[in-house]
Every structure is written in C-alpha cells, then in structure tokens.
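Welcome! Take a moment to turn the model around before reading on, and then let us walk through it together.

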Amino acid sequence: MNIPVVDFGAYSLSEKDATDEQLQSLSKELKAAFTEVGFVFLKNTGIMEEEVQRVMDISKKFFLQPDELKQPFSRSSFANSSNHGWVSLETERLNPLRPGDLKESFNITSLHPDIKWPSSDAVKGFKEIQTSFFLRCKELSLRVIRVMGLSLGLDPDVFLSAHRLMETDENGTTLRSLYYPPVNSDEVKEGQLRCGEHSDYGTITLLFQHSAGLQVRNRSGEFICAPAVPGAVLINIADLMQRWTSDQFISVLHRVLLPPVGDSSTRQSLAFFVDPDDEALITCCDGSNKYPPVTAGDYLIERFNDSYGRK
Ligand SMILES: O=C(O)CCC(=O)C(=O)O
Ligand SMILES: [Fe+2]
C-alpha cells in the first residue's frame, strides 16, 4: 500500500479560491485516495513547517512539566467541553483490549473565552500558538471537506453545513498534541503500545508528524509503516465519514508501535480531529439505509466511553 501524495497548491490557504477545473482535478485525486486507501498526503496546503514546529515546541514544554502543574488542566475538568484538556500517560486505550497507551496528550476542543489556559512562564504563548494553529487547521479542513463533497457529485453543503460550529462547545473538533516519552522496556506491560490499533471517530483527521512511527493497515490486513513526508499533512477518513458515505470513503485502522528495545527516542505529533456539529444527523448520503442515522455528538460519546472507560 502506498499512500498517495496530492498537491493541494491550487486551493492552498494562501489562495483565495480555486477554479472549477482545479477543484475538479483535486476532487478526482482525493476521491481515488479516500476510496482506495483512506489516507492521503497533502502537500502545499499553505500550512508552513514553522507553524507546525512552533506548536510542537510549546506543547513539549507543557508535557515536560511535573504532573502537578498539568493536573489543573485535566481532561474532564472542563464543564462544557468534556474532551478538552490534558490526558496523562496510560489513561486512554485506543485499542481497549490493550493496556493504556504510552502517550500523553493535550486536547483543544473549545476556544470559548471562559476556557482556562496554561499560562506560566514555562509555556508562555501557549494559548496564542495553539489557537492560531487550530484556526488554520479549521480553514484547511473546510476546504478539504468541500472538495470531498464535490468528489462524490454532492452539493458541498451536505458535508459543510454540518461543520459550522467548530471551536464552540457544540462541536467536538479537537486539536490534539501528542507526546510519546522515552520507553523503558523493563516497565512495559504485556501488549502495551504507544498508541493501540484504532480508527478515528469523526469526519477526517489531519496529522502532522516529523518522524516515522505510524503504521496503517492495508487491505490484506498487514500494518505498513507510513513515512513522514516533509511539509505534507497526512489526512485520513474517520468512521462517521465512512458511514455518511455508505462505505465509499474508507476509515482505516492505524497504530503507533513502541520503539525498538534500547531506543530511547521520543515521538511527537499533532492531530486535528474534525468532527461534525454535535446535533448534526449523519445519514447515508446516497439515500440508502446502510447505517441508521446517528447524531455526531451521541456517536462520539459512545466512542470515548470505549477508549477512556465508561463512567
Ligand atoms: O501519533 C500519531 O502519529 C498517531 C495518533 C493517532 O492516530 C490518534 O491519536 O488518533
Ligand atoms: Fe488515529
């Protein structure tokens, strides 16, 4: 399996709009990638390497602090945004059959003015850097979602109109910084990984990474290493989008293994999980009843219950 590379230059964030011809050609390429592989590398998106690096650097400063300083920002301590906040090591199990993932993360789901942000000198600029990257990812996602609608011959509003509330407490879209600390192989539990096998939950995911480590399952069921393509954003289809398109676009399992024994390297990545508005009703867009309609908010709560444990 090769993940295709698509040049998004014609519709990059530095362009106001693309011509119909350019959109047609992009939609053909994206459709092929999303129906056959479920993943695509998008290059020339307009999001620059320096922006990505800035977010990784400030996130790492947050993660390297003692747990007591991170605790006040814990996920589930934000009243109106249940997925927002810091997730400690081994808390989430993306594959619930394995021990907790050997990763830490910080989820940004809400940009509501009342949200409390880390603001100590050690993480100076955290709010501004994360907020501006969230908004850039949001703009790029909306462009990709528009092209995805066109690629299936739909009115682009079918998908776009379900993504009007990103960054508010009525939409689950999340910018997640991930940090995989050095692994001490003497302490690893049986079957434990950095990130267990899973597919993502919502519409699409934008993944920014600078080092290899991610594996993607191919059609024969083998996990294949995804390369890190400098400057490109890796985009994959998530489960609600697969449902929405009656399985035309495919949401594929992926994972992050442990480094080889004796390798003490760390890994960082940024994932922008795009979700439909909580109240959006996801109904098969081909008019079939392949899957019953579900509201995005209800669907996400179920999935989080599986990976974080039921309350
Ligand atoms: O860190 C990575 O590369 C993958 C993370 C991931 O797949 C996820 O958090 O859903
Ligand atoms: Fe994922």
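How many C-beta neighbours does V55 have inside 10 Å, and does it count as buried or exposed? V55 has 22 such neighbours and counts as buried. The cut-offs work like this: a residue is buried if 20 or more other C-beta atoms lie within 10 Å of its own, exposed if 12 or fewer, and partly exposed in between, with C-beta atoms placed from the backbone. You will find V55 in helix 2. Leaving aside neighbours within four places in sequence, V55 is in contact with I129, Q130, F133, S177 and L270; here two residues are in contact if their C-beta atoms, placed from the backbone, lie within 7 Å. V55 and E128 are 73 residues apart in sequence, yet their C-alpha atoms are 9.9 Å apart in space.

Before going further, a word on what you are looking at. This is a predicted model, in which local features need pLDDT of at least 70 and side-chain atom pairs count only at pLDDT 80 or more, while totals for chains, interfaces and linings use all residues. Residues are numbered from 1 along each chain as its sequence is written, and chains are lettered from A and ligands numbered from 1 in the order in which they are written. The mean pLDDT of the chain is 96, and 99% of its residues reach 70 or more; pLDDT is the predictor's confidence in each residue, from 0 to 100. Where pLDDT is low, the predicted coordinates should not be read in detail. For the complex, the predictor gives an ipTM of 0.99 and a pTM of 0.98.

Now step back to the whole chain. It holds seven helices and 14 strands, where helices (H or I, at least four residues) and strands (E, at least two) are DSSP runs numbered from the N terminus. The radius of gyration is 19 Å, close to the 19 Å that the globule rule gives for 311 residues, so the chain is as compact as a globular protein of that length. That radius is taken over C-alpha atoms, and the rule is 2.2 Å times the number of residues to the power 0.38. Along the principal axes, the C-alpha atoms fill a box of roughly 50 × 45 × 40 Å. Of the 311 residues, 40% count as buried. Among contacts between residues at least 6 apart in sequence, 73% join residues at least 24 apart.

On one side, strand 2 runs parallel to strand 1 (residues 5–7), joined by three bridges, and D7 stands opposite K43. Strand 2 also pairs with strand 10 (residues 233–237), in the antiparallel sense over four bridges; here L234 is the bridge partner of F41.

N44 lies in the loop between strand 2 and helix 2 (49–63) and has a positive phi of about 55° although it is not a glycine. E167, in the loop between helix 5 (157–160) and strand 5 (174–180), has a positive phi of about 80° and is not a glycine either. N44 is partly exposed, with 18 other C-beta atoms within 10 Å, and E167 counts as partly exposed with 17.

Finally, find the sheet of four strands, an open one in the order 6-11-8-9 with antiparallel pairing. Its edge strands are strand 6 (195–198) and strand 9 (223–225). Strand 8 (residues 214–217) pairs with strand 9 over three bridges, and Q215 stands opposite C225.

Definitions and conventions
Pairing = 2+ DSSP bridges.
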